[in-house]
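Let's take a tour of a protein model, one piece at a time. Have the sequence and the 3D view open as you read.

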Amino acid sequence: MALSSLSLYSQAIILFAALVLFTSFVMLAQTRMVPLIFTFAWQGLLMAVATVLVAIVSGHKHLYISAALTVVLKVGLIPWLLYRLSVRLDMNYETEAIKHPSLLLLGGAGLVIFSYFIALPIVHLSGLATRNTIAVSIAVELLGMLMMSVRGTAMAQVIGFMSMENGLFFAAVVSTYGMPLIVELGVAFDVMVASILFGVFFFHLRDSFDSLDVGHLNLLSEANEPAPLAETPAASTQGEHA
Amino acid sequence: MNSQSIAWTLAAAQTLLFILAAPLLAGWVKRVKCHLQNRAAPAVWQPYRDLAKLIKKNLVLAENASWLFRAVPYIVFGATLLAAAAVPLIAVHLPTSAIADVIVLVGFFALARFFTALAALDIGTAFGGMGASREMTVAALAEPAMLMAVFTLAMTAHSTNLSVATETVLQAGLVLRPSFLFALLALLMVAVAECGRIPVDNPATHLELTMLHEAMILEYNGRHLALIEWAAQIKLMIYAVLIIDFFFPWGIASEFSASALSVGVLAVTAKLMLLAMLLVVWETVLAKMRLFRVPQFLGFAFLLALLGMLTNVVLETGG
């Protein structure tokens, strides 16, 4: 299917899908907390625009509600909650050291190729104009998973989780023109509840370890012990002794 | 036969216009930058005056300078001149478009850079060696990103020839291609790095520990320096025109009538002025980054180009 044969709206959907994928990569490499939250909000906004465009092309009215829900929850409420949390936990100027940033990004590119191959059979079966973007939505999901497994801080992992949900939502929009509204509402509230629970989890994590680095959860030392958490090597040798 | 000779004359005139207009573009960039930063601005033709003055000056050569050191300014200028001849400025289909392959263009730049680095090492000063090693580091990272961006465009145009690619974009009309967006961003970042602009290098500094390009040409003066600086200005213009040809070619002449050519001149002038303003804004809002951040910057450019290629395969061609 050649891109030039599509209508301008369909081309715009594909363009916004590409931008959503791009924000996923930006999140993967973003080490600072506040820009990370803002990038997540941007991803939500781009996805809402893509949803509106899908609604215009397909004529499905309920997608407008989905888009509005996305804007309210993923551009407004959740980023605001996360931002407030990061300010209250005094971590809004924190940066996280990623060990091999270029390798991580290349791994992400590998995941995009992988999801392309996964999506190929679906693409052959589907007759929708947006069928090519299915691979992108799977890639957004896998990139969120990669972010959860590679990034060390709890905030980055939560954002990885949220962006996985973004990928799921986008997959539903482009492959079947949206889930049933009741399911979508349920998922949206689940995500909102999750973000509040994550806030509680953040506070516990900081109370126990004085840090939001989830690597501390792997250590065998007691939680309330005044553990030397300044350097990781010191912490890991202690872990071996215990 | 007659039309053939007209085409060759046009190609020669276009090349001449290219190298004569390059200092003007540099002057325009400097002027807009001064205005934006609330400084008194020099006239737009100040670069011409600088070049004329440098050419008139006597030559001072280091004692241990070999023939290579003296030959390099001419090699660099020659390579840049050939590159300028290959890029369509106001018209496509010129006879020089046969060599207007982007890979050849990258090759010309690599040739010029290689000899500049050799000349920097030739004198044996600390600054020369340092500048050469830095320049080669940046080049080794910028070149793959540039080629990747070019390949992304070539996948749509089915050719790495600039003239053909420009024509393809012209004929397609308005198509929203995500791969072009990513390639454009990647090419802009590579152009900034290759032309030694902020944030990779600061073109306005001499004798600073952080300089890249200036460190290599520190020992040059007189007409040699004039040629090298002129070549740098032409290189900036080549990158600007390259971006215009690939992404915004509307207005370029595809026939050799007087009206089409004058429209081509006007269009390319307006677009160059706008692009220069964009460069100035970019250089004003950003600060020069540490040298060890440059690989990350260029790695991001490479990722953008790679994403462009992936979106081309995944989204635009489809299964």
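## Overall shape of chain B

With 319 residues, a compact globule would have a radius of gyration near 20 Å, and chain B agrees, at 20 Å. That radius is taken over C-alpha atoms, and the globule rule is 2.2 Å times the number of residues to the power 0.38. The C-alpha atoms of chain B fill a box of roughly 60 × 50 × 40 Å along the principal axes.

This is a predicted model, where local features need pLDDT of at least 70 and side-chain atom pairs count only at pLDDT 80 or more, while totals for chains, interfaces and linings use all residues. Residues are numbered from 1 along each chain as its sequence is written, and chains are lettered from A and ligands numbered from 1 in the order in which they are written.

## What it's built from

Chain B has 11 helices and zero strands; these are DSSP runs numbered from the N terminus, helices being H or I with at least four residues and strands E with at least two.

## Two helices side by side

How do α4(B) and α5(B) run relative to each other? They pack at an angle of about 170°, with axes 9 Å apart, and are therefore roughly antiparallel (angles under 35 degrees count as roughly parallel, over 145 as roughly antiparallel, 65 to 115 as roughly perpendicular and the rest as oblique). The axes are lines fitted to C-alpha atoms, for helices over the stretch in contact, and angles run from 0 to 180 degrees between N-to-C directions. Residues are in contact if their C-beta atoms, placed from the backbone, lie within 7 Å.

## Where the chains meet

The contact takes 25 residues from chain A and 18 residues from chain B. On the chain A side, α4(A) gives the most, with 10 residues.

Key: Contact = placed C-beta atoms within 7 Å.
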